[in-house]
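Here are a few notes to read alongside the structure. Keep the model open and turn it as you go through the points.

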Amino acid sequence: MTYPVNMDVKPIVSAHFDEATNTISYIVRDPSSTHCAIIDSVMDIDYAAGRITYDHADALIEEIETQGLTLDWIIETHVHADHLSAAPYIQDKLGGKIGVGEKIMVVQETFGKIFNEGTEFQRDGSQFDALFKDGDTYMVGNMQGFAMYTPGHTPACMVHVMGDAAFAGDTLFMPDGGSARADFPGGDAGALYDSIQKVLSLPDEMRLFMCHDYGPNGRAIEWETTVAEQKAHNIHVGGGKTREQFIKFRTERDAQLDMPKLIIPSLQVNMRAGEIPTDKDGKQMLKVPVNGL
Ligand SMILES: [Fe+2]
């Protein structure tokens, strides 16, 4: 696959860090127009109380409205397991199309079973406005973006590239954070290694924007790096680590990790493009499968 990389276009990227989930949401603006895209928005949840709020999404909306921008796309790099997407809430206020990788169907099939969803839960990705295949392109104003298929963390992960900016989703973390786990259902450490190599084959000067940062060893939160920095310094894949070394390390590490705190509500909402499921009476309701994950 040859991707339509264009380093001459330099989008304006605004990052919004969500402290509750360590997620970074982005507003990506075409430098030659007033059009923009959102990558990986967050809906706030107090899971203990079952309460949903929209402070994080409102901040994104306010920035877009204040700058008079047109929102073309609301992109999910994957079905997140650690935060809930605010895509439908944002779409309601600002428009734009909600897009995700076409392999969402695999994720819907897997978690449709785990959450014992009925036949009314479609497993064909139809909850989303667009399903991206590897290499698919789309426009944000005059700026072309494209999707790179990068499975491993989940089977539906995509990295999105617009001009000289790539949004890594959960393939890579900052160089001192390494890589994302690969042990969720459908995850695969070898596939993740291969996907990371694909990302690292982008030009050295490509700006790379992370979806998460946990500030390892007490450093301040960061989200921006480059392909060159990752190749040289990433603690899991940098400096020429082999596929075998990576698989061994990743598998051992993943076996010790706890489940993300919000995995149960996140999956149910995110596999529905951010819609909260409803029960037979139309009430918004979440399930907890006992010993199901
Ligand atoms: Fe993730």
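1. Start with the annotation. An unreviewed UniProt entry places the feature "domain: Metallo-beta-lactamase" at residues 22–212. Please keep in mind that what you see is a predicted model. Over residues 22–212 the chain is 23% helix and 28% strand.

2. Six strands form an open sheet in the order 1-2-3-6-7-8, and the pairing is mixed. Strand 1 (12–18) and strand 8 (130–132) stand at the edges; each has a single partner strand, so one side of each is left without a neighbour in the sheet. From one strand to the next, the twist averages 25°. As a reminder, strands of a sheet pair through backbone hydrogen bonds, either parallel or antiparallel.

3. You can see both kinds of pairing here. Strand 1 and strand 2 (residues 23–29) run antiparallel and are joined by seven bridges. To find your place in this pair, look for H16, whose bridge partner in strand 2 is S25. The hairpin of these strands has four residues between them, and in it N22 takes a positive phi near 55°. Strand 6 (residues 70–75) and strand 7 (residues 97–101), in turn, pair in the parallel sense over three bridges. There, W73 stands opposite K97 in strand 7.

4. Which strands does helix 2 lie across? Helix 2 (residues 87–94) lies across strand 3 (35–39), strand 6 and strand 7, and runs at about 165° to strand 6.

5. Helix 2 also meets helix 1 (residues 55–66): their axes come within 10 Å and cross at roughly 30°. An angle under 35 degrees counts as roughly parallel, and that makes helix 1 roughly parallel to helix 2. The crossing of these two helices is right-handed. On the helix 1 side the contact is made by A57, L60, I61 and I64, and on the helix 2 side by Y89, I90, K93 and L94. Sorted by type, the residues of this contact are seven nonpolar, no polar and one charged.

6. Strand 13 (residues 207–209) runs antiparallel to strand 14, with three bridges joining them. A handy landmark is R207, which stands opposite T226 in strand 14.

7. Finish with another pair of helices. How do helix 4 and helix 6 cross? The axes of helix 4 (residues 189–200) and helix 6 (residues 243–254) come within 9 Å and cross at roughly 130°. That makes helix 4 oblique to helix 6. Helix 4 passes helix 6 in a right-handed crossing. The contact is made by A189, G190, L192 and Y193 of helix 4, together with R243, F246, I247, R250 and T251 of helix 6. By type, the residues of this contact divide into five nonpolar, two polar and two charged.

Terms used:
Residues are numbered from 1 along each chain as its sequence is written. This is a predicted model: local features need pLDDT of at least 70, side-chain atom pairs count only at pLDDT 80 or more; totals for chains, interfaces and linings use all residues. Axes are lines fitted to C-alpha atoms, for helices over the stretch in contact, and angles run from 0 to 180 degrees between N-to-C directions. Angles under 35 degrees count as roughly parallel, over 145 as roughly antiparallel, 65 to 115 as roughly perpendicular and the rest as oblique. A crossing is left-handed if the near helix is turned anticlockwise from the far one by less than a right angle, and right-handed if clockwise. Two residues are in contact if their C-beta atoms, placed from the backbone, lie within 7 Å. Ala, Val, Leu, Ile, Met, Phe, Trp, Tyr, Cys and Pro count as nonpolar, Asp, Glu, Lys and Arg as charged, and the others, Gly among them, as polar. UniProt positions are given in the numbering used here, feature names are shortened, and annotations may be inferred rather than shown by experiment. Two strands pair if DSSP finds at least two bridges between them.
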